[in-house]
Amino acid sequence: MRTFDIVYIVNLIPKLLPYTLVTLRIVLISFLLGAFFGGLLAKAKMSQYKWVKKIAFGYTSMIRCTPFIIMLFIVYYAIPIIGGLFGAKNPNLPKSFYAVITLTMYAASNLSDNFRTAYVAVGKGQREAALCSGLTERQAFIRIIFPQMMYIAVPMISNVIISLMQDTALVFAIGLVDLMGQAKILDSLAYNVHTTEIYILVALLFWLLALLVEKILRVYHLHLGKYTNPRKVKASAGGNV
Amino acid sequence: MNLDISFAFETLIQIIPGIPVTLGMALGALLIAVPLGFLLALIRVNKIFIIDKLAALYVSFVRGTPVVVQIFLIYSALPAILNQMIEANGWQLDAYSVPPVLYAILVFGFNTSTHLSEIFRSALLSVPKGQKEAAYTVGLNAFQAYRRIIIPQALAVAAPSMCTASMNMLKNTSLAYMMAVMDITGRAKALAGVGYQYLEAYLDIFVMYLILCLCVEKLFQIWEKRLLHYKITA
């Protein structure tokens with residue numbers, strides 16, 4: 001019976017640590033893209049046109065019902081075909097492209113819900129008051145509504161980022177070498193003898209990243225809340241991970 | 001390369017036997033997750049010395065790591081541990097013949113239990129303290145107070161989040177193919193591998209999960225309505 005090998009884990013750290021950056025980069029890019037499209041989607045959900053609303057809500061409920069890995073494969077196999085219809089011959093796209101597209105689809109869907117709840121929670125009166133005091137629609141949004149919205153949305157956004165990071169662990173399935181992909185490579189290089197040790201390290205790294213993201217966003221949340229009642233800030237700053 | 005519609009239809013019919021496997025996995029996982037999640041929530045709400053810190057650590061770890069990593073961990077570590085136990089106790093069992101579905105149920109059960117524990121915890125905290133005190137005052141014991149007073153109110157709060165957690169778990173079961181479970185995904189992948197018609201197969205899985213998830217959502221909505229109905233008439 002093979003015993004559990006702590007030394008092996010310690011020696012593994014320098015081999016895996018650089019790949020957390022790959023994971024983080026994918027998460028960051030898809031989060032930013034997701035925030036952009038999520039904002040648009042939130043706007044569509046509050047649109048006055050019924051069919052725009054329907055499409056936006058339909059998209060979100062479709063994403064909510066589809067496992068990430070299935071959507072990843074569909075994107076991976078469908079994009080070259082769709083590209084072929086438009087005459088792009090055998091597009092040699094990097095695998096991270098497909099990963100980012102799929103992650104963005106999920107991030108946009110989740111963030112749009114958060115943005116919408118936050119926007120509704122801020123209240124109409126704030127916008128009306130801002131417009132009355134002579135701000136333009138744009139100024140009212142940037143200076144009055146957005147900061148209050150973010151204060152409400154940030155704890156939820158932290159959850160979205162963490163679930164985005166956990167979805168990123170699946171992109172190895174299309175052959176992208178991130179933290180998980182590298183772990184799989186190391187696992188097969190070691191003839192699958194040290195599987196448990198390798199994945200314990202991967203789990204610890206993911207845990208660390210999640211705690212880090214949560215910590216950073218909690219600090220940001222407190223920073224955003226500096227103009228609000230400090231007692232209220234303390235009460236609502238609780239995290240989930 | 002084009003979409004092969006007839007293949008997609010054939011596959012759709014052939015993966016139907018995978019539905020009971022997927023649903024069975026999800027139900028089995030819920031059977032583990034609901035009691036365990038409730039226990040964890042109770043430990044943390046009542047702040048039992050040291051155990052609540054351990055529970056918090058467990059919840060944080062499981063929630064902070066992706067399900068795939070948990071799958072690989074359990075699937076690699078558990079058979080070895082089981083084997084050691086069997087050798088030590090001299091049982092007449094083969095550790096490597098345990099069907100992978102059981103490991104899948106364990107992974108998804110443990111994973112969902114942490115999500116549910118957070119949901120239950122906030123739901124239990126949302127019931128005002130006075131309710132429990134009032135229940136004790138009229139002579140109920142702790143079990144009766146929870147059973148008749150606190151849990152019905154907490155469930156009404158928790159139901160929407162429980163729906164989300166269950167749906168996430170159902171979606172995660174699509175990863176069970178990594179443990180060679182022949183669920184919807186496993187079947188479709190096996191069929192697709194023959195003619196390299198992966199897109200059609202994945203679209204089939206997509207449709208299947210869409211239907212399953214919408215059904216689950218509908219069921220939860222009905223259940224939620226009943227809970228609220230109970231709350232209003234009470």
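This is a predicted model: local features need pLDDT of at least 70, side-chain atom pairs count only at pLDDT 80 or more; totals for chains, interfaces and linings use all residues.
Student: How many helices and strands are in chain B?
Tutor: Chain B has nine helices and zero strands. Helices (H or I, at least four residues) and strands (E, at least two) are DSSP runs, numbered from the N terminus.

Student: What box do the C-alpha atoms of chain B fill?
Tutor: Taken along the principal axes, the box is roughly 70 × 50 × 30 Å.

Student: And what share of chain B counts as buried?
Tutor: Of its 234 residues, 45% count as buried. Buried means under 20% relative accessible area, exposed over 50%, and partly exposed in between (1.4 Å probe, protein chains only).

Student: What about contacts in chain B between residues at least 6 apart in sequence?
Tutor: Among those contacts, 78% join residues at least 24 apart. A contact here means heavy atoms within 4.5 Å.

Student: Where is Gly24(B) found?
Tutor: Gly24(B) belongs to helix α2 of chain B, residues 18–45. With a relative accessible area of 34%, Gly24(B) is partly exposed. Gln153(B) is 129 residues away from Gly24(B) in sequence, and their C-alpha atoms are 29 Å apart in space.

Student: Which loop holds Lys47(B), and what is its phi?
Tutor: Lys47(B) sits in the loop between α2 and α3 (51–64) of chain B. Its phi is near 50°, a positive value in a residue other than glycine. Lys47(B) is exposed, at 63% relative accessible area.

Student: And what is the phi of Ile50(B)?
Tutor: The phi of Ile50(B) is near 65°, again a positive value in a residue other than glycine. Ile50(B) is also placed in the loop between α2 and α3 of chain B, and counts as partly exposed at 47% relative accessibility.

Student: What does Glu217(B) pair with?
Tutor: Glu217(B) forms a salt bridge with Arg64(A), and the closest N and O atoms are 2.4 Å apart. Glu217(B) lies in helix α9 (residues 198–233) of chain B and Arg64(A) in helix α2 (residues 50–64) of chain A, so the pair joins two chains.

Student: Are those two residues buried or exposed?
Tutor: Glu217(B) is buried at 16% relative accessible area, whereas Arg64(A) is partly exposed at 32%.

Student: Which residue meets Arg116(A) in a salt bridge?
Tutor: Asp113(A) does, with an N to O distance of 4.0 Å. Both residues lie in helix α4 of chain A, three residues apart, about one turn of the helix. Lys45(A) is linked with Asp113(A) and Arg116(A) in a network of salt bridges.

Student: Now the second largest pocket: what is its volume?
Tutor: Its volume is about 690 Å³. Among its 25 lining residues, the closest to the centre are Gly39(A), Tyr119(A), Phe141(A), Phe146(A) and Met149(A). On a 1 Å grid over the protein atoms alone, a pocket is an open set of points where a 1.4 Å probe fits, with protein on both sides within 12 Å along at least five of seven lines; lining residues have an atom within 4 Å of a point. Grid points are joined across faces, edges and corners, and a volume is the space filled by probe spheres set on the points.

Student: Which element gives the largest share of that lining?
Tutor: The largest share, eleven residues, comes from α6(A).

Student: Finally, where is Asp187(A) found?
Tutor: Asp187(A) is in helix α7 of chain A, residues 179–189. Asp187(A) is buried yet has no salt bridge, and the nearest side chain of opposite charge, Lys184(A), is 6.1 Å away. Lys and Arg count as positive and Asp and Glu as negative, while His and the chain ends are not counted.

Methods. Residues are numbered from 1 along each chain as its sequence is written. Chains are lettered from A and ligands numbered from 1 in the order in which they are written. Side-chain values use heavy atoms; hydrogens and water are left out.
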